[in-house]
Amino acid sequence: MSFQILIEDTGETYACAEGETLLKAMERLGRKGIPVGCRGGGCGVCKVQVTQGDCQRRRMSRAHVTLADEAQGIGLACCLIPQADVALRVLGQLREPVLRAVPRAFTV
Amino acid sequence: MALSAVLRPGHVCLRVLDIEAALKHYRDSLGLIETARDAQGRIYLKGWDELDWFSVVLREADAPGMDYMGFKVLNEAHLARYEAGLKAFGCKVERIPAGELDHCGERVRFDTPTGHFFELYCQKDLFGNGMGRLNPNPWVEGLKGMQAQRFDHCLVYGDDLDGTVKLFREVLEFDLTERVMDGDFMVGAFLCCSNKAHDLALIRHPEKGKFHHASFLLGSWEEVLRAADLISMHDISLDIGPTRHGITRGRTIYFFDPSGNRNEVFSGDYTWYPDHEPITWTTDQLGRAIFFHDRQLNEKFLSVVT
């Protein structure tokens, strides 16, 4: 069983296996430039906002995700495990490389 | 190996998000030995060849990073001398009572211009390395994981690099072994109180008080490769390596603990003496200075900190 993950910023989708984090599945896209950091919820580079679908949340650094952020679905992709199909936006340091890597025709 | 009254890096206190997950990492993967737990729930560990009771303290918190790093000093007289020097330099200095950390005497805690906290102390209980001091064996059996011998050094990031370098050189009598220069502007400094290539490393960074890694010593390049095997076998988040540093010549691999604090295990450097001229690296050669084989700047290694 796997879930479909939609990156709203680009319209791309990718599959995330049950129990797998959003970041791990995104790493499998093999996209050069996605800033994978510590993969442990500490460094804050893989920040996303989940706009649809539930995720189980592992503990992550309060220095990067405040309670107010959490209420808006913001979290670190390395600590979010989808429980359903998910739509997300990329934030912070993740934004530029994800958007940059999309073919130009795709962004018109 | 000490050549000054500051003997060596004695401990590092790390914040972790989940203390049991962290213990599993530091004990079973890195191979440190658990030696105590205190009333606050902090866990104490040491490398197998360290004699004092602990060198790593794990504290559960809601954000990872380094609380402080401690250096052991020869005796009370030098501790008092350094304390006076730190105050004269303008540091915020505080005495932490004996026993606040289990098995550790009174500590002199101070802040630095880069926004980190360090400590000096001169007493810690003896735990031993399991071999005694009379006709000992060369190593102990039954070790786990990477079998780290000792906590060796930290690399920290902060803004006022010149200020912290001045503090460690002038007040604490450290030597500058290597530096990274952008023209006349220092961006990296490697400092030692002993005979090693570094006991503390500093990189200039806009934010104060950041932690890059805590490093642990292994016995050989073969053991660094074995650590790399364990990183895959234990599904640990790999950063980079195994490879070679230009700076310090260390043979190295970097990875992350389950809370995102970076660790290094490494083998080999060179013997430093205070009459040596520091080694200088220029930023146009920074790629090979950091990773001598790749010769490429690695954005993640440079920018990911806790």
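How large is the area buried between chain B and chain A, and what percentage of it do carbon and sulfur atoms give?

Analyst: This is a predicted model, in which local features need pLDDT of at least 70 and side-chain atom pairs count only at pLDDT 80 or more, while totals for chains, interfaces and linings use all residues. Residues are numbered from 1 along each chain as its sequence is written, chains are lettered from A and ligands numbered from 1 in the order in which they are written, and side-chain values use heavy atoms, with hydrogens and water left out.

The size of an interface is often given as the accessible area lost when the parts come together. Between chain B and chain A, the buried area is about 1,100 Å², and carbon and sulfur atoms give 51% of it. Buried area is the accessible area (1.4 Å probe) that two parts lose on being put together, summed over both. In chain B, the residues that lose the most area to chain A are B:Leu17, B:Asp62 and B:Val304, which together make up 34% of what that side buries.

The interface can also be described by its residues. Chain B has 17 residues in contact with 15 residues of chain A, where contact means heavy atoms within 4.5 Å. One salt bridge is counted between chain B and chain A; the term denotes a side-chain nitrogen of Lys or Arg within 4 Å of a carboxyl oxygen of Asp or Glu. B:Glu60 forms a salt bridge with A:Arg59, and their closest N and O atoms are 3.5 Å apart. Across the interface of chain B and chain A, six residue pairs are in polar contact, both residues being at pLDDT 80 or more. A polar contact is a pair of N or O atoms within 3.5 Å; within protein, one must be able to donate a hydrogen and the other to accept it, and residues adjacent in sequence count only if both atoms are side-chain atoms. The side of chain B that touches chain A has eight nonpolar, four polar and five charged residues. In this classification, Ala, Val, Leu, Ile, Met, Phe, Trp, Tyr, Cys and Pro count as nonpolar, Asp, Glu, Lys and Arg as charged, and the others, Gly among them, as polar.

The sheet of the partner chain may now be considered. Chain A has an open sheet of five strands in the order β2-β1-β7-β3-β5, with mixed pairing. Strands are DSSP runs (E, at least two residues), as are helices (H or I, at least four), numbered from the N terminus, and two strands pair if DSSP finds at least two bridges between them. In chain A, β2 (12-17) and β5 (74-76) stand at the edges with a single partner strand each, so one side of each is left without a neighbour in the sheet. Neighbouring strands of this sheet are turned by 40° against each other on average, direction ignored; axes are lines fitted to C-alpha atoms, for helices over the stretch in contact, and angles run from 0 to 180 degrees between N-to-C directions.

Within this sheet, strand β3 (residues 47-52) of chain A is joined to β5(A) by three bridges, and the two run antiparallel. A:Gln49 stands opposite A:Ile74 in β5(A), and A:Val48 has A:Gly75 as its bridge partner there. Four bridges join β3(A) to strand β7 (residues 86-90) of chain A, again antiparallel. In β7(A), A:Ala87 is the bridge partner of A:Gln52.
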